[in-house]
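Visitor: I am new to this structure and would like to be taken through its parts. Please show it first.

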Amino acid sequence: MEDEIHVISMLVRNRSGVLSRVAGVFGRLGYNIESLCVAEMTNPKISRITLVSRANADFTEKIKKQLDRLVDVVEVTELTQRHSIQKEMMLLGIYMNSENREEIMQAIAMFGCKIVSIRQNYCIIENVGNRGETETILAYFEPMGIEELARTGMIALQQHKNGNDDEQ
Amino acid sequence: MEKTGADILLETLAKEGVEVIFGYPGTNSLPILDRISDSPIDHYLVRHEQAAAHAADGYARATGKVGVCLSTSGPGATNMVTGIATAYMDSTPLVALTAQVTTDLLGSDAFQETDIIGITMPITKHSFLVNRVEKLESTLEEALEIARSGRPGPVLVDLPIDVITERCQSTGKKKSALAQKKTANRKEITAKVREISRHLNEAERPIIMIGGGIKLADACIPVSELIEQGQLPFVTTMMGIGSVHSPNGFNLGFIGTHGSELANRAVHQADFILAVGTRFSDRSTSKIEQFAPLATIAQIDIDPTSIGKNIKSDIALVADISEAVNELIPLVKKKKRSQWLERIERERSNIEGKHLSNGFGQVAKFIRKVQEIMGEDAIAVADVGLNQIWTLHSWRSNTPRGLLTSGGMGTMGFSLPAAMGAKIGSPDREVVAFSGDGGFFMNIQELATVSYYNLPVKIIVFNNGHLGMIRQYQDLFYNARFNACELGDKVDIKAVARGFGIPAEKVSLDNSVAGIEKMRRAQGPYLLEVTVDPNNYVFPIIPPGGSNMEMIYGRQK
């Protein structure tokens with residue numbers, strides 16, 4: 001079975017140690033977390049953790065069950081690309097000079113990114129998009145020399161609260 | 001009224017039904033021990049913290065109640081780790097209390113500070129660091145509830161000394177509702193139970209597979225009824241031994257690496273297996289690809305992670321076992337499967353007698369004699385190694401909690417401290433701790449505890465001067481190159497026991513009756529050292545990596 005990207009979304013109790021328990025499940029089984037995003041919900045006793053991991057489907061099933069077993073985990077769902085909105089934000093720092101200025105500006109317009117800071121020749125570009133868009137943009141700017149990069153990791157929500165369309 | 005954390009701790013435990021704590025003090029746990037004589041809870045002072053955890057574990061296994069152990073911070077806490085892991089692997093309800101340095105010193109490498117929460121994270125069901133005295137009561141209630149609910153397991157509560165000495169108004173707050181883990185809803189249960197009953201009724205060669213979950217769920221009676229109702233032959237896992245009673249002779253024994261050939265062969269031929277309360281551990285299935293090749297497998301378990309963990313089941317139901325089985329019973333038809341039962345009987349008569357070679361018969365006879373003399377409802381606590389397999393095969397466990405063993409973890413040194421806990425939990429039953437000389441030495445210091453409290457635990461040590469099972473593996477699978485398996489005969493175990501103040505006798509396998517009877521008559525503890533030839537092995541055995549059908553009865557060519 002092939003490894004693929006899996007997006008796991010969890011509601012957890014907002015207490016100390018929860019993140020290390022969640023991470024522990026992956027670490028113990030020798031799997032890496034590619035991205036991780038945690039924040040409080042409107043009910044501050046609950047947080048959502050969205051994490052992305054590369055594994056095969058069987059393994060992901062196992063992981064989901066292990067996560068669900070944790071006392072502080074309230075809910076575990078896997079989100080498919082087809083049935084969920086998946087976004088991440090990225091900040092990309094790059095030096096502009098007379099040679100690449102034009103090209104950078106065109107790319108920013110083309111990808112619909114924003115420049116959120118320019119100090120001297122150094123600019124920071126912000127993008128919010130799905131995984132594919134993010135990677136396309138990264139691939140485009142890469143040859144121009146990305147100076148610094150920060151990504152939030154993916155957050156995602158299911159489009160239908162009651163499950164995937166074709167499962168109903 | 002203002003109370004100290006120590007008082008709140010002890011009162012909450014007592015209110016939750018805790019009667020006994022097994023522990024060992026250190027300066028950081030003194031504020032708790034200082035208040036214990038004013039509490040209705042009895043504290044048993046063991047001689048090593050590992051034994052405190054095993055004793056609490058044995059207490060829980062014998063009674064079904066939550067076992068509680070208490071240590072100080074640092075080394076006291078780390079010494080309990082093996083005991084906690086043992087409880088975790090066999091899903092024992094246990095609450096381990098560890099003292100901790102004051103909250104302002106946390107993370108400063110203070111004297112006897114250790115991150116016990118971090119250390120035990122993979123071997124506890126859950127853990128808590130209590131950082132405010134106001135949270136103590138609700139945390140303890142939650143800890144006990146988590147330990148005993150669903151699939152039980154150990155919960156660790158780390159108690160900084162300032163939280164224990166601080167005073168606060170008793171909150172008297174209502175219990176916080178614990179988020180219950182999802183099981184199947186009624187509709188799903190009904191649908192799945194129907195599906196299982198359909199398969200079961202249609203099956204020609206059905207087998208029920210009984211795991212340790214039956215005891216834990218108190219489902220021994222419904223499962224026995226199911227077997228009776230359907231006239232169904234059954235096998236157990238190591239942890240499931242003794243859970244089900246059936247006068248109909250349908251118990252085929254336990255499966256797996258050291259299991260009975262009859263059970264392993266029956267599973268291999270079955271066309272339908274209903275597995276209840278088991279995770280299909282590798283010790284039960286051996287080579288997983290060749291496990292039950294002909295069978296449709298249905299599984300009922302309270303723990304979703306136990307389903308499909310090791311084996312893909314065709315029908316899976318996450319539910320309380322009693323609830324599901326009670327619904328299943330009326331749907332199961334009494335069906336005469338004479339062909340299947342005859343086939344099993346044929347197998348049985350072919351296999352019988354194979355044990356008797358290799359000295360197993362002599363040991364089995366001895367263990368049965370012990371049970372006969374000690375009484376049918378005596379509790380046997382097995383250690384790990386040859387003595388364990390001998391005991392599991394020979395002790396006729398007629399009550400669900402009549403045979404205790406460290407099945408998942410395989411912890412040597414378990415039997416003596418666990419037997420102490422079992423005896424304290426069920427003072428009306430005789431408790432016999434079996435061990436080999438190797439395991440006996442691992443917690444030998446507990447003879448002092450047994451002696452101090454005059455606990456009437458009967459201790460049987462099979463002394464073959466070797467780590468017997470290691471010797472067997474080296475003999476059979478490493479071309480008889482014996483390394484690091486000889487313990488020698490320099491230690492006079494009988495004299496050691498007497499030195500601890502415990503009467504003891506040394507007997508041989510073929511001349512043991514007088515010794516056993518003397519042990520029976522002893523009012524307090526008693527130790528029986530039994531000399532055993534190191535060539536007495538356990539058979540059948542499945543070579544490492546083999547399937548359950550590759551049992552061997554002697555040396556391979």
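Guide: Domain bounds here come from an automatic or database domain assignment. The model is a predicted one.

Visitor: Which domains does the assignment give for chain B?
Guide: Along chain B, domain 1 covers 2-169.

Visitor: How many residues of domain 3 of chain B are in contact with domain 2 of chain B?
Guide: The centres of these two domains, taken over C-alpha atoms, are 31 Å apart. A contact needs C-beta atoms within 7 Å. On that basis, domain 2 of chain B gives twelve residues, and domain 3 of chain B gives twelve residues.

Visitor: How many residues are charged on the side of domain 2 of chain B that touches domain 3 of chain B?
Guide: That side has five nonpolar and six polar residues. The charged class has one.

Visitor: Which strand gives the largest share of the side of domain 1 of chain A that touches domain 2 of chain A?
Guide: Chain A is assigned domain 1 (4-79) and domain 2 (86-155). Six residues of domain 1 of chain A and five of domain 2 of chain A make the contact. On the domain 1 side, the elements giving two or more residues are strand 2 (33-40) and strand 3 (46-55) of chain A. The largest share, three residues, is from strand 2 of chain A.

Visitor: How many residues are nonpolar on the side of chain B that touches chain A?
Guide: Ten residues of chain A and nine residues of chain B form the contact. By class, the chain B side has one charged residue, two polar and, as nonpolar, six.

Technical notes: Residues numbered from 1 in each chain as written. Chains lettered and ligands numbered in written order. Predicted model: local features only at pLDDT ≥ 70, side-chain atom pairs only at ≥ 80, totals over all residues. Contact = placed C-beta atoms within 7 Å. Nonpolar A, V, L, I, M, F, W, Y, C, P; charged D, E, K, R; others polar. Helix = DSSP H or I, 4+ residues; strand = E, 2+ residues; numbered from the N terminus.
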